[in-house]
Amino acid sequence: EPIMYPQINELVDRLHARRISTFLVTNAQFPDRIKQLRPVTQLYVSVDAATPESLKLPAPLVHRDLVL
């Protein structure tokens with residue numbers, strides 16, 4: 001989880017000061033840390049399930065030929 005990096009805000013600031021865009025991907029496991037995050041150029045949130053119940057369901061097979 002990149003938002004758990006203690007100096008994430010300082011890193012974002014340094015990159016933006018050099019006119020470098022920032023792209024951050026998180027699974028939003030720590031919403032309080034996201035609230036503390038300084039604005040990034042792009043923020044992607046991975047959603048594994050819509051509800052706690054659906055998270056417990058087995059993931060569907062995407063490619064049957066990959067299963068050994």
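Reader: Which residues is Thr26 in contact with, leaving aside its neighbours within four places in sequence?

Author: In this predicted model, Thr26 is in contact with Glu1, Ile3, Ile34, Leu43, Tyr44, Val45 and Ser46. Contact here requires heavy atoms within 4.5 Å.

Reader: What makes the pair Thr26 and Ala28 a polar contact?

Author: The cut-off for a pair of N or O atoms is 3.5 Å. A polar atom of the Thr26 side chain lies 3.0 Å from the backbone nitrogen of Ala28, so the distance falls within the cut-off.

Reader: And why is Asp32 called buried or exposed?

Author: Exposed means over 50%. Asp32 is at 52% relative accessibility and therefore counts as exposed. Asp32 sits in helix 2, residues 31-36.

Reader: How do you know that strand 1 and strand 2 pair?

Author: Pairing needs at least two bridges. Strand 1 and strand 2 (residues 42-45) are joined by 4 bridges, so they pair, and they run parallel. Val25 has Tyr44 as its bridge partner in strand 2.

Reader: Which residues make up the largest nonpolar core?

Author: That core has 6 residues: Ile3, Ile8, Val12, Leu24, Leu37 and Val40. Leaving aside neighbours within four places in sequence, the contacts of Val40 include Val12 and Leu24.

Technical notes:
Residues numbered from 1 in each chain as written. Predicted model: local features only at pLDDT ≥ 70, side-chain atom pairs only at ≥ 80, totals over all residues. Heavy atoms only, no water. Core = buried A, V, L, I, M, F, W, Y, C linked by side-chain atoms within 4.5 Å. Buried < 20%, exposed > 50% of the residue type's maximum accessible area, 1.4 Å probe, protein only. Polar contact = N/O pair within 3.5 Å; in protein donor to acceptor, adjacent residues only side chain to side chain. Helix = DSSP H or I, 4+ residues; strand = E, 2+ residues; numbered from the N terminus.
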